[in-house]
Structures are given as C-alpha cells and as structure tokens.
Amino acid sequence: MSTAASTAAAPDDGLNRRMITVSIMLATIIQALDGTIANVALPHMQGSLSASQDQITWVLTSFIVAAAIATPLTGWLCDRFGQKNIFLTSVAGFTIASVLCGLSGTLSEIVIARLLQGVFGAALVPLSQATLLDINPREKHGSAMAVWGMGVMIGPILGPTLGGWLTDSYDWRWVFFINIPIGAMAFYGIWRYIRKTDAPRKMKFDAFGFATLSLSIGALQMLLDRGEQNDWFSATETWVEAILLALSFAYFVAHTATRPAGKSFFDYRLLRNANYVSGLLFIFIVGLVLFATRALTPSMLQSLMGYPAKIAGLVTAPSGIGTMIAMMMVGRLVGKVDLRLLLGIGFAITAFSLWQMTRYTLVLSQSDIVWPGVIQGLGLGLVFVPLSAATFATLSPEMRAEGTAIYSLIRNIGSSIGIALVQTLLVRNTQTVHASLTEHVTTTNPALLNNLATPEAAATLNNEITRQASMIAYVDDFWLMFIMTLCVIPLLLLIRPPAKSAPVTVDHAAMD
C-alpha cells in the first residue's frame, strides 16, 4: 500500500468507510449464506431435477470443494490484478452464477453453476476481512472484526431458516435468486467507494505449488464430505482420495520448502509470525468444535423430535442473537482488555452451553433449545472477534490478502473435519447403543411381553429403541465437544497480546 496515500485522509473518509463496510459485508453475507441456505431445499431440488439422493448432494459438495480450492488463490490474484478488481469480479461472477443456479433445469447444469459459485465466492470472505483491516486504524480493528464476524457467522445461522421459508413460500429457485439484489448493491458500493490502486505484481504464479495444494484440498474436502456416505475406508473412493491427499500435500510441502521466498505459491514467511500461526491453530479448533455443534442441533430436532425444517430453523436462529450481542460488546473491549482473557471467557461460556446440551433428552421444550443456543452464540462472539484481531495484529498490510485467505481456508477445513467427525460418531454410536439396548429385549422380560406379541408391536418397539439410541449418540457428541472446548483453554497461553504501543495504521488509499 502507498505510504503517501496512507497519510492523506480525504474529508469524507468517515462516510466512505461506512459505505465500504456496508458494501463488502453484503458480499460476505451472500457468500456465507450460500454455504447452508440450499441444504433445506435439497429434497425439492431432487424431485424437480429428477436426481437420486446420492446425486443431489453434489449440489452442496461442488460448492464446498470449488470454494476450498479457489480460496488460496486470493493473495496472488490481488497482487496480480488489484484488490478492487478481484472484489468486483468475484461479486459479479458469484451473482451471475446464482442466476444460473436458479435457472438450472438438470442436475449437471446446477452442479456446474454451483462450481462457478464456489470459485467466484471463494475470495469474498478473506477480501472483506482484509479490506476492513486496511481501512480502519489499529485501535478500531476490534470493532471492524466484530462487524466482519457478524456477517460471517450470521449467514450460516440464518441460512437454513431463510432457505426453508423461501422454499416453502415460493420455490427452491428463490434460494439462489435472492442473491441478485444483494449482489447488485454490493457491486455498486465496491465500485463506487473503494479506490482502485496499482497492483504490486511482486508474486510470480507457482503453477506446481497451486496444483499440488489444490489437489490436496480438493481430495480432503471430498473425503470429508462423502466419507460417511461411502462408509469411509470400506470404499475404494475414500482410499483414492486419501492417497491423493497424502501425495499431493507431501509434494506441496517439499516444493514450498525448497523455493525462495516470494517465488512459491504459499508465502511461508507467514509461518514466522507467531501470533498468526497461533491464530490459525485456534480458528481451526473453533471450526472443529463450534461449527460441528451447530450442525448437530437442527438434525436432532428434525429426525428425533419431528420438527419441520422451518421451525427447527426458528428455534436455532436465536443463537445468532447471542453472537451479535457478544460481537458488539467485545468489539469495544479489544485493545483495552487482554485478548487471552476475552478468549478464555468465550471458550468457558461455550463449554457451559455444551454442558447444558449434554443434558438433552427426547422430551425438550423450545426454551430448552433456544437458551443453550443463545449462550453458545455469546461464547462464539467472544471468541471470534478477539481471535481475528490477535491473529492479524502483527501481520504486515501487504501480507493480509494471502493471510486472510489461509485463515478462511483453515476455518473451513476445521469445520469440515468437525462435521465429518460428529456425523461419523453419531452413526457409529447409534448402532453401538442400539445393539446394547436390544440385548435387554427378550421374551423372558415380563415388562416387554406385550410389545413383542405381534410384528407391528415389535417394529414399534424397535423404532423407539432406535430413537433412544440416537439421542444417546447425540449426547455423546455434545460431551466430546464439551471436553475438547475445555482442553483448548490452556492453549491460550500460546497467544502473545500485541504491544499497546504498536503503531496505528489505516489505508486511506482504499477509499475515495
């Protein structure tokens, strides 16, 4: 960024900063929404597109894999073409791809359109984070990350609720058409208020590094997304993905380690920043624990308690209120209170909410679901904002685009691993507990004689045993997340809070 430009603030910087913030957050929200908004519409898509249950999951998988592969490209693209150009291209491409998704008449058409959505949308979240850090002085980075965090977190929370309402009230195609007006407003705001700057063009494209990293990320995402469906290593597909992952990542590490700085696809100088590396570790854990937990509750409500998708979304959505409240509060505390204290409180509150969830039974009121969710939202907000601020507090501005891209990638990988882990344990534990419970179902048990008198009665009893086994398996998952969250707290000592005397920087070159 230009030093001269950084020292000359225009009279309307305050207005421009607000308009830039609104514009880039609109872009962030539509990208974050599309990771979950299509989930509840899958059954409707399946019928409309004449697809099998196995085939229709590619609507989700194609988006996730494409976004994961394209995310590491963000830093190089910004260096080559300029941050504003990449931002505008990403928003326009994502919006057009959304239109193509809504207009799709076959499964292959919507999968291709979702691939395009993932490719163009990959840069939106890291670019929005980098831009907010650029246009705000260091003492306001906490507030800026609070705004960014709300956009990133509220999208996945509201996605199922909004998707269910649009699908039930209109048509599944409106799940994608809703992006058109939001994308148009985001595009205009970015075009109007972010100043175009010359691209540094210091980074050379490392084709081999990108190819090996992309192959390893794609193989990992495919393995995690389809592993449970394929019964993991019982399927040839999983073995192929695991071998591709191991070989391609080994080649990537060896290639990157032997290339000079600035000539490899991944700038390993990022790993010399202790705060940044610690931040990557913690955001991986946040994705692993917290996002996985959020994936469990809606499925539990719908499969075990008969909640319609719309109602399940409504009772889980208030957790977003807790997140918003915490982020608004903690944004003002960052820089004034030790970041490790804020993170410790956040993880402790999250652990408390998970402990409440370990007490779940098949008989729950809606308040039993809402309040632990709100409390968990508070904990997540207290973790997300100071963690983002601490991670980038000592990172130089020219490395932010690549740094935020890797940060988003690690968060997504943690989320994918966490969701795959809890879903696998859920299936396996349900089977184990079911087998254990059926051992007590015998004709010698007088309490069960009437329930075994007819095939219909036996089937009803088996269904109830399955429900009980599934509930126990869900509780076991919550216990695992609870223990993992407690284990994270001592690791906070790895983070070193930035010096309070650190210079204040703001990039006015990004603003007209």
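The legends below accompany views of a predicted model of a protein chain.

**Figure 1. Overall composition of the protein chain.** The predicted chain contains 21 helices and 0 strands. Of its 512 residues, 53% count as buried. Among contacts in the chain with a separation of 6 or more, 84% are accounted for by residues 24 or more positions apart.

**Figure 2. Packing of helix H19 against helix H20.** Helix H19 spans residues 366-392 and helix H20 spans residues 400-438; their axes lie 11 Å apart and form an angle of about 140°. H19 is therefore oblique to H20. The crossing of H19 past H20 is right-handed.

**Figure 3. Residues at the contact of H19 with H20.** On the H19 side, the contact is made by Phe-384, Leu-387, Ser-388, Thr-391 and Phe-392. H20 contributes Gly-403, Thr-404, Tyr-407 and Arg-411. By class, the residues of this contact comprise 4 nonpolar, 4 polar and 1 charged.

Figure 4. Ser-48 belongs to helix H3, which covers residues 42-48. Its relative accessible area is 37%, a value between the 20% and 50% cut-offs, so Ser-48 counts as partly exposed. Beyond its neighbours within four places in sequence, Ser-48 is in contact with Trp-172 and Arg-173. The C-alpha atom of Ser-48 is separated by 9.4 Å from that of Leu-107, a residue 59 residues apart from Ser-48 along the chain.

Definitions and conventions
Residues are numbered from 1 along each chain as its sequence is written. This is a predicted model: local features need pLDDT of at least 70, side-chain atom pairs count only at pLDDT 80 or more; totals for chains, interfaces and linings use all residues. Side-chain values use heavy atoms; hydrogens and water are left out. Helices (H or I, at least four residues) and strands (E, at least two) are DSSP runs, numbered from the N terminus. Buried means under 20% relative accessible area, exposed over 50%, partly exposed in between (1.4 Å probe, protein chains only). Contact means heavy atoms within 4.5 Å. Axes are lines fitted to C-alpha atoms, for helices over the stretch in contact, and angles run from 0 to 180 degrees between N-to-C directions. Angles under 35 degrees count as roughly parallel, over 145 as roughly antiparallel, 65 to 115 as roughly perpendicular and the rest as oblique. A crossing is left-handed if the near helix is turned anticlockwise from the far one by less than a right angle, and right-handed if clockwise. Ala, Val, Leu, Ile, Met, Phe, Trp, Tyr, Cys and Pro count as nonpolar, Asp, Glu, Lys and Arg as charged, and the others, Gly among them, as polar.
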